[in-house]
Amino acid sequence: MNWKRMARALVLPALLIVSLGMPALGQGPMSPPQKGSGAPGLSAPTGLSQAIPAPFDVKAATDAYLATVPSDKKARSDAYFEGGYWLILWDFLMVAAIYFFFLQSGLSARLRDLAQRLTRHKPLQTICYFVPFSLVAALLGFPLTVYEGYIREHQYGLATQTFGPWFRDQAVNLAVSLVFGTMLITMLFVIVQRLGRTWWVGGAGVTIVFFCFGALLGPVYFAPLFNTYTKLKASPVRDSILSMARANGIPATEVYEMDASRQSTRVSANVSGFLGTERITLNDNWLKRCTPAEVQAVMGHEMGHYVLNHVYKGLFYIAVVTVVAFAALDRMAQWAIARWGQRWGVRGITDVAVIPLAGLLISVFSFLYTPIENTFIRTQEYEADIFGLNAARQPDGEAEVDLKLGEYRKLDPGPLEEFIFFDHPSGRTRITAAMHWKAEHLVELQPAGERPASPSPVPPLPQL
């Protein structure tokens with residue numbers, strides 16, 4: 001579940017410069033662990049049916065999995081992911097520069113004047129301002145978008161699209177974002193002009209409603225604009241997933257497959273929607289590359305998001321953050337207008353020419369808030385990991401999945417690095433958790449007659 005992307009859809013930068021969304025971090029393909037690999041004294045990490053000698057060393061088992069990744073591919077993965085740290089900064093600086101350009105050059109004020117000449121109706125003035133503003137901003141940010149979303153992804157072997165289909169997806173994303181962004185901005189300015197000083201309360205409320213509306217309709221109406229979603233055909237894999245769902249109180253009757261391979265080599269799955277539009281989706285790369293044990297591990301994780309009510313907890317979290325962000329926006333915008341408004345041609349908080357200033361301030365808030373946002377998401381992902389281990393009972397499948405995710409996520413970061421930059425637990429953290437689970441279930445996982453003695457004490461679980 002990608003709450004980070006969903007959360008950023010609330011703030012003005014994502015609505016104003018829709019072409020500058022940062023792609024998911026990743027790297028080129030790596031080989032999964034091979035049979036017969038692992039540390040001395042450990043069975044090959046290929047499934048639960050194999051004998052597991054005791055005592056079981058969690059750290060050694062974790063290191064054995066990580067050691068199956070060739071050094072050149074690990075270096076490639078690390079380089080890709082660490083390069084993404086700099087892109088977070090460059091994305092922020094690019095967005096800030098574009099907003100500042102609109103203000104300092106007077107272009108924002110000229111667009112407002114043009115809108116006022118075109119119509120006397122204020123909501124229409126907002127639309128006449130916002131549409132050209134968004135298109136110019138998207139055009140200015142397009143070179144960085146091409147580098148991040150197309151050139152860099154191909155350099156690391158993660159993309160499969162040629163430029164034409166990729167550009168088509170970008171255009172569709174721009175059109176959808178422009179339509180809903182225009183609707184939201186227009187409603188926000190109606191509220192600003194009617195409520196005055198308390199606009200931020202109503203503005204936050206409307207933004208939250210829009211986000212819920214998007215989350216409700218997104219899986220059904222928006223996602224199919226970019227990919228084809230089909231019901232997973234009857235098979236042992238599908239039957240095992242639905243059985244797991246029923247066993248955990250999930251009223252699922254279908255599992256959806258997405259043709260992600262037309263765009264990327266990444267393996268991923270997600271849970272999305274709410275109030276009856278929830279969907280568990282598996283991209284087709286999983287089915288091509290993963291074993292049944294790995295698929296079950298992933299589905300157990302995604303079911304964890306559903307059972308643990310992460311969708312609703314995430315909505316509440318985003319609502320709180322939105323209110324705080326709008327309150328801070330009001331104070332900072334008022335201060336900035338009083339100091340530089342005359343130079344920029346911005347007449348007040350009710351003036352549509354204030355949009356670049358609002359976008360700049362929220363961009364700063366979002367950039368500084370990144371570690372906290374990442375921690376919230378990472379915590380939910382870890383909870384889903386633990387749920388998935390208990391639901392699927394596939395610790396080795398989980399570890400093998402984590403290595404595949406390591407194709408575009410750094411596997412073994414430092415603690416501070418993980419805290420600041422990771423919106424999912426690192427590969428080492430996840431594999432360690434899986435090996436802890438395995439260590440605590442050695443007896444029940446082994447066939448009768450091959451059960452080991454009680455395992456030696458294991459170290460504490462990793463902290464997020």
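A contact here means heavy atoms within 4.5 Å. The model is predicted, so local features need pLDDT of at least 70, side-chain atom pairs count only at pLDDT 80 or more, and totals for chains, interfaces and linings use all residues. Residues are numbered from 1 along each chain as its sequence is written, and side-chain values use heavy atoms, with hydrogens and water left out.

**Exercise 1.** Find what Leu 357 touches, leaving out residues up to four places away in sequence.

*Solution.* Step one: list the partners, which are Leu 103, Ala 333, Ala 336, Ile 337 and Trp 344.

**Exercise 2.** Is Glu 417 buried or exposed?

*Solution.* Start with the cut-offs: buried is under 20% relative accessible area, exposed is over 50%, and partly exposed is in between (1.4 Å probe, protein chains only). Glu 417 has 19% relative accessibility, so it counts as buried. Next, check its neighbours: Glu 417 touches Glu 82, Tyr 85, Lys 410 and Phe 422, not counting residues up to four places away in sequence. Finally, its side chain makes a 2.9 Å polar contact with that of Lys 410. (Polar contact: a pair of N or O atoms within 3.5 Å; within protein, one must be able to donate a hydrogen and the other to accept it, and residues adjacent in sequence count only if both atoms are side-chain atoms.)
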